[in-house]
Amino acid sequence: MFQKLAKTLTFLLLLTGAAATSSAQALSGEDIKAQFIKDWERAKLYTQEYLNAMPADKYSAKPVDSIRTFAQQMLHLAYDNVNLISLSTGEKSGNFPGRDLEKSSTAQSKDSVVYYVDESYDYAIQSIKKFDPNKLGEITGQGNNKVTRFAWLLKAFEHQTHHRGQTTIYIRLLGIRPPNERLF
């Protein structure tokens, strides 16, 4: 009796596994591209909430002397959105300011920071929209840092998430509740 029950359960488990496996669909390059666009649009809105949560007169705030100000964190995020997406997609970055953006005295105000951050997200989203997803597997990069375009897209998204996340403590130290997470 036990052997018959065990065989029946094994058969059902195998059948269930086969059914689950056969219902999975492969992702196309266009599917991956569409998800990246959706995630970058969501990230832009989420970052805008952070920019709006920080009072304009506190953009020069930093938790300790040895790290970037809130403005510098966000300008660093903006510069590397453009830099890393350019590596990812091959899209030229145009006239976006270079690495020294975060040190520019004229870029530190809330209005300037919001402008550059929004521009960087718009650049990222438009570049991904233009990107040919058949190139996701191409190897590209600088110096010893050569990976697929797909990997660069992941790294670009990780980078902006990291720096936005760092600014959570800046906002909390002012007694302000940071924006709720936007996973979807």
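The points below are grouped by topic.

The model is predicted, so local features need pLDDT of at least 70 and side-chain atom pairs count only at pLDDT 80 or more, while totals for chains, interfaces and linings use all residues. Residues are numbered from 1 along each chain as its sequence is written, and side-chain values use heavy atoms, with hydrogens and water left out.

**Aromatic pairs**

- Eight aromatic pairs are present in the structure; rings of Phe, Tyr and Trp (its six-membered ring) pair if their centres lie within 6.5 Å, and planes under 30 degrees apart count as stacked, over 60 as edge-to-face and the rest as tilted.
- One of the pairs joins Trp 40 and Phe 157 edge-to-face, at 5.4 Å centre to centre and 80° between the planes.
- Trp 40 sits in helix α2 (residues 29-53) and Phe 157 in helix α5 (residues 149-173), so this pair ties together parts 117 residues apart in sequence; helices (H or I, at least four residues) are DSSP runs, numbered from the N terminus.
- Trp 40 and Phe 157 are both buried, meaning under 20% relative accessible area with a 1.4 Å probe, protein chains only.
- Phe 96 and Tyr 116 have ring centres 6.0 Å apart and planes at 80°, so they too form an edge-to-face pair.
- Ring pairs also link Trp 40, Tyr 121 and Phe 157 into a cluster.

**Helix packing**

- The axes of α3 and α5 (lines fitted to C-alpha atoms over the stretch in contact) are 8 Å apart, at an angle of about 175°.
- α3 and α5 are therefore roughly antiparallel, the term for angles over 145 degrees between N-to-C directions, on a scale from 0 to 180 degrees.

Technical notes:
Helix = DSSP H or I, 4+ residues; strand = E, 2+ residues; numbered from the N terminus. Buried < 20%, exposed > 50% of the residue type's maximum accessible area, 1.4 Å probe, protein only. Parallel < 35°, antiparallel > 145°, perpendicular 65-115°, else oblique.
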